[in-house]
Amino acid sequence: MTELLTETVVQEPHRIRGLEMPWNRVMGTTEGPATAARALGPWHPQEFMAECVEIVPEVGGMMTFVFRRSDGAPLAFRAGQYVNVAFPVNGDDQDPADRSYSLSSAPTKPWTFDITVKRDPTGLVSPWVHDNIKPGTVLEMLGPVGAFHLPDADRRARYLLLAAGAGITPIMSMVRTIHSLPGQADVVVLYHGAAAEGFAFNKELAYIASVDSRIKVFYSLGDRGKPEDWEGLSGRLTAAMLDHVAPDANGRQVYACGPEGYLNTATELLGKVGVDDTSIHMEFFTGDRQTILEYQAELALAVDIAEEIAEEIADSAEDYYESQPTAFGLYEPGYDAEGTLKATGLPLETGDPDASFSQASDGRPEVGPEAGSTDASSFDTVGTGSLTLSFMRTGINVRIDPDEHILGVAQRAGVRIGANCKEGMCGSCKVVKFSGEVDMNHQGGIRAREIDAGKFLPCCSTARTDLVIDA
């Protein structure tokens, strides 16, 4: 019997051309499809409650949590997108800690969905998640969110999927999705890890590659020592490695997820092997740890806002390990040999340089509301425009026109605000508005309860009136 099995020639399936997501035709029809079919279309982010129904241990310190929506509806999303989850790490009576995690399951099985979390012992959220989320746990979520995903239809469907470490989670969603769909495809996966035993989903990837001739999977151990029986690749990502796994890379769409340093290297190397920028799709973690530490040290010198900034930097450092979406780009002013440069791009109007400061009991300057006043009339004013943004922590007024997005104007004037997707998806630029009105066109990066509490996203907002902002 064994000989018969080994000698059997398995013919390739005959498939339709390309890939098409199951909701694609529903979204394009004009004849009003059935409600059940339309429910599977990933239309817009929603706020919903979800119940954990299963926990699956993964290698590499990761854990997969399987959820279903409490309202019984499917979670319609695109492979590669993520959800924002509110974790009650400080108790139900305190504000939750919001974190974004990529969906690692396939949208073709929408009645449950997975998030995979890597445990960081020094983090706030991931240890709590590993220790406290059990079947039956109900959490508040928002999603799907993110522009990093497979297309709804692709007649060629030739992909190179690059992942490093926990960056495998959205890539795994893509692999599972392609494997579940009919159609012609040519997929190469290159997965970098730090240890041979640390490749999450390796058994499932091996199985998929063994039964689906459309998908090939390669592993590399980076630049660390490898065991004697290691049969995969070794070394960091290089042009030669890309040529080895995908000699036709310049004819593929590339999707890559991982730490910033890895993706910066990938971008450079993909250009060297002929891949056009329009074919490269990146999902960044937050900035590399060294950059965060250097930035933290620099901001420690800003004694007027040292405590607030230290908290922000601690959160962003934790997000490096815990969150899956795009880069967290914090604004930094330019500098030269003589020190920090003044903001550029907006003219500085003459004013009293000491007017916005008061003295604390230890002689250090205070600004904005920390000085005991919310009066911005004495702040320096920069820019031109018909409306005024008053940034109370920074101690500056910025002039702006109603058609300008608030984030860009504020950052050019030297106001420090976190910036990530800049499209209203990730929520990293969220700030409190003390007064005034804005027009906000967000894509799921902020919850209704946060808007009710006075928060808004300056990246996707324009000013309707003068504003007073806690930044």
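This report describes the fold, the nonpolar cores and some strand pairings of one protein model.

The model is predicted, so local features need pLDDT of at least 70 and side-chain atom pairs count only at pLDDT 80 or more, while totals for chains, interfaces and linings use all residues. Residues are numbered from 1 along each chain as its sequence is written, and side-chain values use heavy atoms, with hydrogens and water left out.

**Overall features**

The secondary structure comprises 12 helices and 27 strands, where helices (H or I, at least four residues) and strands (E, at least two) are DSSP runs numbered from the N terminus. Of the 471 residues, 46% are buried, a term for under 20% relative accessible area, as against exposed at over 50% and partly exposed in between (1.4 Å probe, protein chains only). Among contacts (heavy atoms within 4.5 Å) between residues at least 6 apart in sequence, 68% link residues at least 24 apart.

**Nonpolar cores**

A nonpolar core is taken as a set of buried Ala, Val, Leu, Ile, Met, Phe, Trp, Tyr and Cys residues joined through side-chain atoms within 4.5 Å. The largest such core has 35 residues, and Tyr 159, Leu 161 and Ile 171 have the most contacts inside it. Two or more residues each come from strand E9 (158-164), helix H5 (168-180), strand E10 (186-192), helix H6 (202-211), strand E11 (215-220) and strand E12 (253-258); H5 gives the most, with six residues. Not counting residues up to four places away in sequence, Tyr 159 touches, among others, Leu 19, Ile 178, Val 188 and Tyr 255. Another core, of 27 residues, lies apart from this one and includes Leu 389, Val 409, Leu 467 and Ile 469.

**Strand pairing**

Two strands pair if DSSP finds at least two bridges between them. Six strands form an open sheet of mixed pairing, in the order E19-E21-E20-E27-E23-E25, with strand E19 (380-382) and strand E25 (455-456) as the edge strands, each pairing on one side only.

Elsewhere, strand E7 (residues 138-145) is mostly covered, with six of its eight residues buried. In E7, Glu 140 is the bridge partner of Met 49, and Val 145 is that of Tyr 82.

| Strand | Partner | Bridges |
|---|---|---|
| E20 (residues 387-391) | E21 (residues 396-400) | five bridges |
| E2 (residues 46-57) | E7 | six bridges |
| E4 (residues 82-87) | E7 | four bridges |
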